[in-house]
Amino acid sequence: MNQFGEDFQRKKEGDSILENPSIPNPFPELCCSPFASVLSASLLPKATSRKKQVIKVYSEDDTSRALEVPSDITARDVCQLLILKNRYVDDHSWTLFEQLTHTGLGRAIEDHELVMEVQSNWVMEEETKLYFRKNYAKYEFFKNPLSFFPDHMISFPSETNADLSHSGILQMFLSSSTYPEIHGYLYAKEQGKKSWKKLYFLLRRSGLYFSTKGTSKEPRHLQFFCEFSNSDMYMSLTGKKISGAPTNYGFCFKPNKSGGTRDLKQLCADDEQSRTCWMTAIRLLKYGMQLYQNYMQPYQGRSGCSPLNITPMRRGCLRLNSHGSPIAMSNMAIHRSQSWFHHKISREEAQRLILQHGLVDGVFLVRDSQSNPKTFVLSLSHGLKIKHFQIVPLEDDGKLFYTLDDGHTRFTDLIQLVEFYQLNKGVLPCKLKHYCARIAL
């Protein structure tokens, strides 16, 4: 018996002798359905008597599940709970995502962040939700940093060799003594106004600055914009619809305990590559080695959750697809049972879904075409851009085929097509690697 159990037993013995003794339930599975809407805290270790709280987590299809968790649980631990509960394959890309519905903003919560601290910064007038989804780009910059930091946006200290290797760039970003300078033009929304102004910005270890005189980096021309220790960075998920920004590549900083949208410091970039560079550099500046530890030790969490000490609850039999995610059996068209297929979603919805899963080469989904109801569209991420390829049905000798290349390569169904392009690039810019799925909790 652990310490918590011994303390509890001594307390019981000191209570009134008139109490009936506690008798263990020989049939605990009858007390709680394995499909109950609340996940029990018993899935977590009982080493300490930590305070429990209930959080609500949503999936892409807006189904939700309530979880009773310790007050010091991390985002990674919450993901681990849901992975084991739903028997998903843990490829370390599962992420807890914070989404501000009214303002159209969202961010991936870092694995080490305490979920209760995140929720303590929520304000009443903003509808905020936690989503459980995959983010393939979460640590992609550790694998290929050169693609995240284009030469024209990054400067190194004069004493540093400009021809750095992959590991050399990362070491500089994670170093406590040196830090590369990120620079370039961004649009900034003027406080209290609807207008935006294009300014030359510089990211340094002390914070984000803009130049009041062209591209001058002289100290007298640099004005402080913001620092990051007491604020969180969010990406715009709705483009320029809500904020009225000049481009679709917006991001912003929201101070902790802020009063709402009036305290946001809003920026937008000219393209996705620029936005990704700024946001990645700011993450590295704010969290430093903690990000690298998250990447190298995905199971290690403050709450002590690990695959070895969480017992998944029993659930009914499910058929697993080739990637290990459960899918429901259906009598519909065969492709509609696949996790990568999205029925009747728009081009804009497809782009938003891929963006939320991370702009890594090979992230894809297949959807119905809106312009031609008899065709389908393959939406694919490559080079930090989302491209769309029409899948056309062809009839030959009474048989129906599908093709991406005007009939040169033909497939009897969409599953065969997807499996082929997962192994062969063909006419596509890259192979299909990660699919976007709407999971249910």
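Student: Which residues are buried in helix 8 (residues 347-357)?

Tutor: Keep in mind that this is a predicted model. In helix 8, the buried residues are Ala350, Leu353, Ile354, Leu355, Gln356 and His357.

Student: What is phi like in lysine 344, which is not a glycine?

Tutor: Lysine 344 has a positive phi too, about 55 degrees. You'll find lysine 344 in the loop between strand 17 (341-342) and helix 8. Leucine 384 is another non-glycine residue with a positive phi, near 65 degrees. Leucine 384 sits in the loop between strand 19 (376-382) and strand 20 (385-396).

Student: Are those two buried or exposed: lysine 344 and leucine 384?

Tutor: Look at relative accessible area: under 20% is buried, and over 50% is exposed. Lysine 344 counts as exposed because its value is 66%. Leucine 384 has 15%, so leucine 384 is buried.

Student: Okay, now the whole chain. How many helices and strands are there?

Tutor: The protein chain has 9 helices and 22 strands. It has 441 residues, and 50% of them count as buried.

Student: What should I look for in the middle of all that?

Tutor: Here's the general idea: in soluble globular proteins, nonpolar side chains tend to be buried together. In this structure, the largest nonpolar core has 51 residues. Phe149, Ile182, Phe201, Leu203, Leu208 and Phe253 have the most contacts inside that core. Helix 6 (residues 272-287) contributes the most to it, with 8 residues. There's also a second, separate core of 42 residues, including Val115, Phe341, Ile391 and Leu432.

Student: What does phenylalanine 201 touch?

Tutor: Skip residues up to four places away in sequence, and its contacts include Ile182, Leu208, Phe225, Leu267 and Trp278.

Student: Which nonpolar residues form a patch on the surface?

Tutor: Met289, Tyr292 and Met296 do, with about 270 Å² of accessible area together. Methionine 296 belongs to helix 7 (residues 289-296). Its relative accessible area is 47%, so methionine 296 is partly exposed.

Student: And how do I read salt bridges?

Tutor: Side chains of opposite charge can pair when their charged atoms come close. This structure holds 17 salt bridges. Take arginine 275 and glutamate 272, whose closest N and O atoms are 2.7 Å apart. Both lie in helix 6, 3 residues apart, which is about one turn of the helix. Arginine 275 and glutamate 272 are both buried.

Student: Where do aspartate 396 and arginine 410 lie?

Tutor: First, their side chains meet in a salt bridge at 2.7 Å, N to O. Aspartate 396 is in strand 20, while arginine 410 is in the loop between strand 21 (399-403) and helix 9 (414-423), so the pair ties together parts 14 residues apart in sequence. Aspartate 396 is partly exposed at 36% relative accessibility, and arginine 410 is partly exposed at 38%.

Student: Which residues are linked in a network of salt bridges?

Tutor: Glu98, Arg107, Glu113, Asp232 and Lys286 are linked that way. Asp232 also turns up among the contacts of asparagine 121, along with Lys254, Asn256 and Lys257, once neighbours within four places in sequence are left aside.

Student: What does the side chain of asparagine 121 reach?

Tutor: That side chain reaches the backbone oxygen of glutamate 117 at 3.3 Å. Asparagine 121 is in the loop between helix 3 (115-120) and strand 6 (128-134), and counts as buried at 12% relative accessibility.

How values were computed
Residues are numbered from 1 along each chain as its sequence is written. This is a predicted model: local features need pLDDT of at least 70, side-chain atom pairs count only at pLDDT 80 or more; totals for chains, interfaces and linings use all residues. Side-chain values use heavy atoms; hydrogens and water are left out. Patches are made of residues with over 30% relative accessible area and no salt bridge: like charges are joined within 9 Å, nonpolar side chains (Val, Leu, Ile, Met, Phe, Trp, Tyr) within 5 Å. Accessible areas come from the Shrake-Rupley method with a 1.4 Å probe; for residues, only the protein chains shown count as cover. A salt bridge is a side-chain nitrogen of Lys or Arg within 4 Å of a carboxyl oxygen of Asp or Glu. Helices (H or I, at least four residues) and strands (E, at least two) are DSSP runs, numbered from the N terminus. Buried means under 20% relative accessible area, exposed over 50%, partly exposed in between (1.4 Å probe, protein chains only). A polar contact is a pair of N or O atoms within 3.5 Å; within protein, one must be able to donate a hydrogen and the other to accept it, and residues adjacent in sequence count only if both atoms are side-chain atoms. Contact means heavy atoms within 4.5 Å. A nonpolar core is a set of buried Ala, Val, Leu, Ile, Met, Phe, Trp, Tyr and Cys residues joined through side-chain atoms within 4.5 Å.
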